[in-house]
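Okay, everyone, thanks for coming. Let me put the structure up on the screen, and then I'll walk you through a few spots in it.

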Amino acid sequence: MSEDDVLMDRIADELRVFPHVDGEAKARLLVAVAAERERTRTLRERGWRWFTPRIAVVGLAAAAVLAVYLRTAPPASSPVERAPVAEARRPAATVAAYDASTADMAPRPIQLVFRAPSASQVRVVGDFNGWDKNQVPMARDSASGLWSATLMLRPGRHVYAFVVDDTLWMRDPRAERAPDADFGRPGSVLLVGKP
Amino acid sequence: MNIVRVSRLLALATLLVVARRTEAQQIAYAADLGAEMDSVSRASITREITLARDRGLPVEALVAKVREGRLKRANGLRIHVAVVALARRLDSARAGLGPNSTPEELAAGADAIAVGGDVSSLRTLRAATTRSVAAPVGTFAQLLASGVERARALTMVVNLLHRNATPAQLLALGNLVESDVVAGIRPDEAAAFRLRAIEGMSILSGDKVEVAAPAPVTQPPATQSQPPKRRP
Amino acid sequence: MTRSLRLLTDHDGPPIRGESAASARNLLVREARNGDVRAFAALVDGYYARCLRFALHMLANRSDAEEAVQDTFIRVYRALPKYEEREAFEPWLFRILANRCRSAGAREKRRSQFVEYGDVPERGVHPGLDEAIVWREEIGRALAALPVEQREAFLMRHVEDLSYEDMSVATGAGVSALKMRVKRACDFLRVRLEETE
């Protein structure tokens, strides 16, 4: 066996080592497969149930009406659609359900600061605003290049991050890392309220 | 063929389709499902959220999950998987906390399920108080995520509830234990230490152990509701 | 189903090779195609580690590799009704996986300016790293420096043990072109890694 062969064998041996498989990732995949199966089965069943001659006629007629509707309907992002949806964009339920009688649960001001001198826009996103990047813009201090925002947060554990220039996801370098099993991009942990 | 009947059916079918489409558009818009997402994922995610809503689950958490995925630039499939998994956890949370649970309670329950909590623990927590269980369940989830063993975490929270601990006290316990664990202290040790400290400081309302009457699972939650404890 | 399931999954790590495994696999594929999710789960069990290994070597990033593998299996599941039994399963699976890795790699290139705070690799922080780790890292860097087609061909041939015919199915390239890619990859790796050895 030549030296070349030995070298190639060593390289291949190293590359053949199996990586650690995250059982949770595999489980997530199977959940998705089960959902996929459910989806196709429901579509199939629904297709059979509805396919009767009379309904076919009705369907054709409805399709014609629908075609007219679709041509005149506003696009999904049209402001016309905004009104009913705006409520769903905010975690309004949590605010409405809050009981002001428990004074120790009152929201308290928390200032977040992020250094990004060259950014033209920085926003705070987190579980407290339903990960809506349009809710908390940060203000820039031109002298220091620091961005800051003050949030009113209730006691508990919050996860947050910064969105820079509308596209970049940035963790807070000064906070603990919040692992993320769903998307693999960690956020930062903010603990509000200790005795 | 009865023309009146067909017309009625036609009108009904059209209304249903139009309503469904408008609803799908609303969900797509609220969840910021951009046009660049592939159509299969887009449709699957919208459908999953609609089904969850039809089952009576709160859609805010699911919509927030989609937005989170979009911000993190996850692809459509991965977001779909995350939404399906969260919907399943919300289902389990509702099985444990009862059908009349608030969205905050269910969100906290889903967090607990994600880190190893089970339906029976959620039932126990629901039965331990007549007030909202959002904070207790959130604390339970935080303790589990910090590595505290499930039975121990459950006992701690239930005992504190029986001693009328306030939601803020419970949440503080979760925060302290998490900080300790981050600092290198063993989870069970941190939990025991912090529990003793809280008891020693007599910050709970009286030392007398009062066991609240267990609330039936179907009973609507009390008006006092606490903010959700978020995903550990 | 039970027997085929056992054949393919009663072990950790790599799938069993050989004829019995091939027939078990065919049986599983058939059952999965008929809608048996447990059979599909067994296929996932049997191939997940291997697919993840390939994706990790192709993309050099755990999160992207996981995503590529998950996506691959979902695509496989959706495409099963169209799968013809006379096709070999493995090349078919690797065709989907390789496609997925290629598009993920291209996307990653486009957003290469995207750096997360705290995620910068901490190379050189531990001077006392043992040689095995240094060697592994060197291989990783050399592999990453290969053009995508050569890296893919090299991995399929020397790591996944696919025949050139199967590789041709998986990549869509001709056998002679693939042999050339593998040869060039080997030459490059030799030159690059001989000094490290």
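Predicted model: local features only at pLDDT ≥ 70, side-chain atom pairs only at ≥ 80, totals over all residues.

The general idea is simple: side chains of opposite charge can pair when their charged atoms come close.

Asp180(B) forms a salt bridge with Arg194(B), and their closest N and O atoms are 2.6 Å apart. That one links distant parts of the chain, since Asp180(B) sits in helix 9 while Arg194(B) is in helix 10, residues 187–200, and the two are 14 residues apart. Is Asp180(B) buried or exposed? It's buried, because its relative accessible area is 8%, and the cut-off for buried is under 20%.

Over in chain C, have a look at Arg50(C) and Glu90(C). They form a salt bridge too, with 3.3 Å between the closest N and O atoms. Here the partners are 40 residues apart, with Arg50(C) in helix 3 (residues 37–59) and Glu90(C) in helix 5 (residues 89–110) of chain C. Arg50(C) has 0% relative accessibility, so it counts as buried. Glu90(C), at 15%, is buried as well.

Now a pair within one helix. Lys183(C) and Asp187(C) meet through their side chains in a salt bridge, 2.9 Å from N to O. Both lie in helix 9 of chain C, residues 175–194, and they're 4 residues apart, about one turn of the helix. Why does that spacing work out? An α-helix has 3.6 residues a turn, so residues three or four places apart point the same way. Asp187(C) has a relative accessible area of 30%, so we call it partly exposed.

Helix 9, the one with Asp180(B), runs over residues 167–182. It has 16 residues and reaches 23 Å from the first C-alpha to the last, close to the 22 Å expected at 1.5 Å a residue. How many of its 16 residues are buried? The count is 13, so this helix is mostly covered, with buried meaning under 20% relative accessible area. After the helix comes Gly184(B), with a positive phi near 110 degrees.

Helix 5 of chain B covers residues 103–114, and its 12 residues reach 16 Å, close to the 16 Å expected. This helix is mostly covered too, with 10 of its 12 residues buried. Among the buried ones are Glu104(B), Glu105(B) and Asp111(B), along with Leu106(B) and Ile113(B). Helix 5 is also followed by a glycine, Gly116(B), whose phi is positive, near 105 degrees.

Next, how do chains B and C meet? The size of an interface is often given as the accessible area lost when the parts come together. Between them, chain B and chain C bury about 720 Å², and 49% of that is on carbon and sulfur atoms. On the chain B side, Arg73(B), Leu77(B) and Arg78(B) supply 65% of the area buried against chain C, more than any other three residues. The contact takes 5 residues from chain B and 9 residues from chain C. There's 1 salt bridge between the two chains, and you can find it where the side chains of Arg78(B) and Glu67(C) meet, 3.2 Å from N to O. As for residue pairs in polar contact, the count is 3. By class, the side of chain B that touches chain C has 2 nonpolar, 1 polar and 2 charged residues.

In chain A, Asn129(A) is in the loop between strand 2 (122–126) and strand 3 (136–137). At 2% relative accessibility, Asn129(A) counts as buried. A polar atom of its side chain lies 3.2 Å from the backbone oxygen of Val124(A).

The other is Ser168(C), in helix 8 (residues 164–171) of chain C. Ser168(C) is partly exposed, at 22%. Which backbone oxygen lies 2.8 Å from a polar atom of its side chain? That's the one of Ala173(C). Leaving out residues up to four places away in sequence, Ser168(C) touches Ala173(C), Gly174(C), Val175(C) and Leu178(C). Ser168(C) and Leu178(C) are 10 residues apart in sequence, with their C-alpha atoms 7.4 Å apart in space.

Key. Residues numbered from 1 in each chain as written. Chains lettered and ligands numbered in written order. Heavy atoms only, no water. Expected span 1.5 Å × (residues − 1). Buried < 20%, exposed > 50% of the residue type's maximum accessible area, 1.4 Å probe, protein only. Salt bridge = Lys/Arg side-chain N within 4 Å of Asp/Glu carboxyl O. Polar contact = N/O pair within 3.5 Å; in protein donor to acceptor, adjacent residues only side chain to side chain. Contact = heavy atoms within 4.5 Å. Buried area = accessible area lost by both parts, 1.4 Å probe. Nonpolar A, V, L, I, M, F, W, Y, C, P; charged D, E, K, R; others polar.
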